[in-house]
Every structure is written in C-alpha cells, then in structure tokens.
Amino acid sequence: PAGGRGRATRHSERPGRYAGRVHLPAVPPLDRNGRLVLLGKAFRAFGFGLNSIVLGLYLVELGLDAAAVGAVLSAALVGTTLLTLVIAIFGDRLGRRRVLATGGALMLLSLFVPLVGANPLLLVVIALSGMVAVTANENTGLQSLDQAILPQTTDPGHRTAAFATYGLLASVAVALGGLAVGPLVALGTALGLQGADRFAPAFVV
C-alpha cells in the first residue's frame with residue numbers, strides 16, 4: 001500500500017512538470033470554403049498593401065499635378081464606398097461566393113493603370129472600380145462577406161481561432177505587399193524601364 005501511495009503521488013505530480021509549458025494553438029480546422037476565404041483574403045490584402053504605396057508614387061512619377069493626383073485618389077475612395085454599398089444591398093441576393101470572385105477580378109483592373117499613362121480621366125475610371133487601393137486596410141465590404149462565411153466553415157469551438165487566423169493572415173499579407181514595392185520597382189529598373197514605367201511590375205503583380 002505504501003508503495004502504491006508513492007506511485008500515486010509520483011503520478012499525480014507529473015502534470016505539474018508540464019504546467020508551465022506553452023502549447024501553440026493549431027491552425028483551426030476549416031472546410032474547403034474556409035480555406036478559400038483565407039486564400040482570397042491573403043491575395044487581396046497583399047494587393048492592397050502593395051497598391052496603397054505604389055499608386056501614389058506612380059502618380060507623382062507621372063508628373064501629374066496635385067489636383068489630378070487628388071482626383072484619382074478621391075475616385076478610388078468613392079469607388080470603395082459605392083462597392084461597399086452594392087455589397088451591403090445585393091451581396092446575399094447575388095451570392096456571397098460570386099461577389100467575392102467578382103471583387104477579386106476587379107483588382108485585375110490595376111493592370112491597366114500603367115497602360116493608360118498620364119491620362120487622368122482613364123485613371124479616375126479605373127479607380128472608381130472600388131478595388132484600387134488607397135489605404136492598406138480593405139474597406140470594400142468584401143471582408144463582411146468573408147466574416148459571414150467563415151463561421152460556417154468550422155465547428156463552434158474553433159470559430160474564434162478561425163477569425164484570429166483570418167486577421168493575422170491579412171496583416172502579414174498587407175505587410176508583405178508593402179515590402180514588395182521596393183524589389184518590384186528595382187525589377188522594373190533591371191528590365192530597362194525608366195521613369196514611371198519602372199513601377200509597371202508592381203501593378204502586374
């Protein structure tokens with residue numbers, strides 16, 4: 001009996017040896033839709049982080065005056081507001097996945113920014129798409145659809161972890177997008193592009 005008590009005592013002490021250890025949480029289990037939401041958010045956040053820096057630099061490099069630069073940036077903000085309004089009214093009616101896919105496709109309009117050159121009117125039209133970034137924070141309303149879908153892609157016990165992963169992934173992608181500006185402009189220079197044209201690789205990405 002004494003030996004048994006000793007073994008029981010030693011056994012009961014074992015958990016104490018692990019009490020101070022830090023256990024890193026695992027990535028929350030998500031179904032295919034959840035993984036697509038995270039992937040789409042990462043791509044959009046990277047694009048917003050990149051374009052929020054490169055757009056202003058590019059417009060100045062084009063030699064546009066302050067009024068023209070202000071008009072393009074203001075158009076981008078107006079476009080974001082209008083897109084958010086459309087999503088708020090028609091998002092569920094049109095289908096969340098369809099709207100998310102359309103929003104991602106609208107980001108491809110930034111490819112045309114270096115093609116239109118210093119034409120302020122065409123730049124304003126592109127900016128009105130709502131997906132030309134002026135700030136690193138995505139305020140298009142697409143994240144609202146993400147956050148409506150995400151809880152349905154995991155079990156109740158992992159929903160907080162899913163949202164935390166979503167936010168962390170977005171922050172990292174935005175930072176990487178901002179850091180990518182320098183190397184992409186350097187790539188344009190290495191390719192022999194000069195002036196405003198050396199910003200082209202940043203819009204292609």
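Predicted model: local features only at pLDDT ≥ 70, side-chain atom pairs only at ≥ 80, totals over all residues.
1. Overall fold. Of the 205 residues, 36% count as buried.

2. Contacts and surface. Taking contacts between residues at least 6 apart in sequence, 78% join residues at least 24 apart.

3. Largest pocket. The space in the largest pocket amounts to about 520 Å³. Its lining comprises 25 residues. Gly40, Phe43, Arg44, Gly104 and Met107 are those that lie nearest the centre of the pocket.

4. Four helices, α2 (32-61), α4 (96-106), α7 (142-149) and α10 (200-204), each supply at least two residues of the lining. The most comes from α2, with 11 residues. By class, the lining divides into 15 nonpolar, 6 polar and 4 charged residues.

5. Pro29. This residue is found in the loop between α1 (2-18) and α2. Is Pro29 buried, exposed or partly exposed? Pro29 is classed as partly exposed because its relative accessible area is 42%, which falls between the limits of 20% and 50%.

6. Surroundings of Pro29. Leaving aside residues up to four places away in sequence, Pro29 touches Thr153, Thr154, Asp155 and His158. Its C-alpha atom is separated by 9.3 Å from that of Ala161, although Pro29 and Ala161 are 132 residues apart along the chain.

Notes. Residues numbered from 1 in each chain as written. Heavy atoms only, no water. 1 Å grid on protein atoms, 1.4 Å probe; cavity = no way out; pocket = protein on both sides within 12 Å on 5 of 7 lines; lining within 4 Å. Points joined across faces, edges and corners; volume = space filled by probe spheres on them. Nonpolar A, V, L, I, M, F, W, Y, C, P; charged D, E, K, R; others polar. Buried < 20%, exposed > 50% of the residue type's maximum accessible area, 1.4 Å probe, protein only. Contact = heavy atoms within 4.5 Å.
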